[in-house]
Every structure is written in structure tokens, then in C-alpha cells.
Amino acid sequence: MQNLTVNRYLREHIRTVLDWPAPGVEFRDITPLLQDAKVFRVLIDAFVQRYMEPGRRPSVVAGLDARGFILGSVVAYELGVGFVPIRKKGKLPFTTVEETYELEYGSATVELHTDAVKPGDRVLLIDDLIATGGTMMAGKKLLEKLGAEVIEGAAIVDLPELGGSAKIRASGLALFTLVDFEGR
């Protein structure tokens, strides 16, 4: 499938749930993309084809808790590289580094094992959705603390009105998304 066709196809399989988790929010649910084997294959192939190119090829894929684990581990497998989970605070059993970031109402912290990446590793950082950009920016900072180079951020969905994708790009991190949705 061509990129525009792939984007349209994936968009048709993303469910919008109104007023969840709060009134006025249009939640973009990617679960249907994962439930259908054909749609899931198209989704994964869209990422794999992009990152098979020599200039974009990572040495490791890092996935953000929790849907980034689903995508990232499968993309890493298909690329023949390792996978690294970036978890919510308190979920990793070994020595970690952590990064706290701001949410709309409060803050959150993510962690990474100190031996997850090595200096010079080329990392693809992946998540399901870009909203305010806080989680991806925190993941980028964690990876860079350990000396890795984050070559690109990637997600299925971008919600550009929330400003996250602009913030990520302004930080110097290239960002690849498959589907944009206007609105919250």
C-alpha cells in the first residue's frame, strides 16, 4: 500500500470514544488496530519499511509504557534489533535512571535500566500517540542520559492541537506519525 492509502486505512480502524476519560475528550482508541491481524500487519509494516532504510535503521528500539511496548517489541523483532522498555516509576527491578515530566494535571516519572542502552546506540523511540509530548520527551532525555542517540520518535497517532509534536520537533527530535487527528 502507498503511504496515503496506508494512513487512510489505519485511520478507518481507529475508534473514537467520546467523553472519555473526561467530558469533552475524544479518545483515539488504537485497540482495533491490534485486534485484526491484517490491520496489525499493515501497521507494523508501515514502521518496519521506514526503519529498514539504512539511514534510518536503529540499533535498538525503545518503547514507552505501555502501548509502545506492543509496537516497539514487534518492530524491533522485525528489524532484528533489541527492544528496551521505558516504564512507569517503580516497575523495573534493576538499577534505573529516571525522568519526571509534567502532565496536564500533575506529573509522572518514567524509568530505564542503566544498562538498557550503550553510548552511541542509535535508538528509535516509539509510542502509540503524541498528545502533549511529555512522555516522549522524557524517554528521549533518559536515553540521552545513558549516551544513546535518539534518531527519531515514532507514533501511530498525532494530536497536533495539543502541541506535543511541535514541542518534540522543536527539541530537535525528528518525529514520524501515521495518522493525525484534529481535536482532543
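Predicted model: local features only at pLDDT ≥ 70, side-chain atom pairs only at ≥ 80, totals over all residues.

**Rings.** I started with a cluster: ring pairs link F47, Y51 and F176. The rule I used takes rings of Phe, Tyr and Trp (its six-membered ring) as a pair if their centres lie within 6.5 Å; planes under 30 degrees apart are stacked, over 60 edge-to-face, and the rest tilted. By this rule I get a count of four aromatic pairs. Y51 and F176 make an edge-to-face pair, with 6.4 Å centre to centre and 85° between the planes. That pair links distant parts of the chain, as Y51 is in helix α3 (residues 37-52) and F176 in strand β9, 125 residues apart. Helices (H or I, at least four residues) and strands (E, at least two) are DSSP runs here, numbered from the N terminus.

Residues are numbered from 1 along each chain as its sequence is written, and side-chain values use heavy atoms, with hydrogens and water left out.

Are Y51 and F176 buried or exposed? Both Y51 and F176 are buried, taking buried as under 20% relative accessible area, exposed as over 50% and partly exposed as in between (1.4 Å probe, protein chains only).

Next I looked up F69 and F83, which also pair edge-to-face, at 6.3 Å centre to centre and 80° between the planes. F69 is in helix α4 (residues 67-79) and F83 in strand β4, 14 residues apart. I checked burial here too: F69 counts as buried because its relative accessibility is 18%, whereas F83, at 28%, is partly exposed.

I also found a charge over a ring: R11 lies over the face of F181, at 4.3 Å from the ring centre. The criterion is NZ of Lys or CZ of Arg within 6 Å of the ring centre and within 35 degrees of the ring normal.

Then I went through the pairings:
- β7 (residues 122-130) and β8 (residues 149-158) run parallel and are joined by eight bridges; the partner of I126 in β8 is A154.
- β5 and β6 pair in the antiparallel sense over eight bridges, and E102 stands opposite S107 in β6.
- β4 and β6 are antiparallel over two bridges, with K88 partnered by V110 in β6.

E111 is found in strand β6. Why does E111 count as buried? Because its relative accessibility is 6%. I searched for its polar contacts (a pair of N or O atoms within 3.5 Å; within protein, one must be able to donate a hydrogen and the other to accept it, and residues adjacent in sequence count only if both atoms are side-chain atoms). The E111 side chain makes one with the side chain of T96 at 3.4 Å, and a polar atom of that E111 side chain lies 3.0 Å from the backbone nitrogen of G90.

I86 lies in strand β4 and counts as buried at 0% relative accessibility. Leaving aside neighbours within four places in sequence, I86 is in contact (heavy atoms within 4.5 Å) with residues including F69, E111, L125 and L142.

Most residues other than glycine have a negative phi, and most peptide bonds are trans. I found a cis bond joining W20 and P21, omega about 5°, with P21 in the loop between β1 (15-18) and β2 (26-29). The D65 to A66 peptide bond is cis too, with omega near 5°; A66 is in the loop between β3 and α4. D19, which is not a glycine, has a positive phi near 60°.

Technical notes
Pairing = 2+ DSSP bridges.
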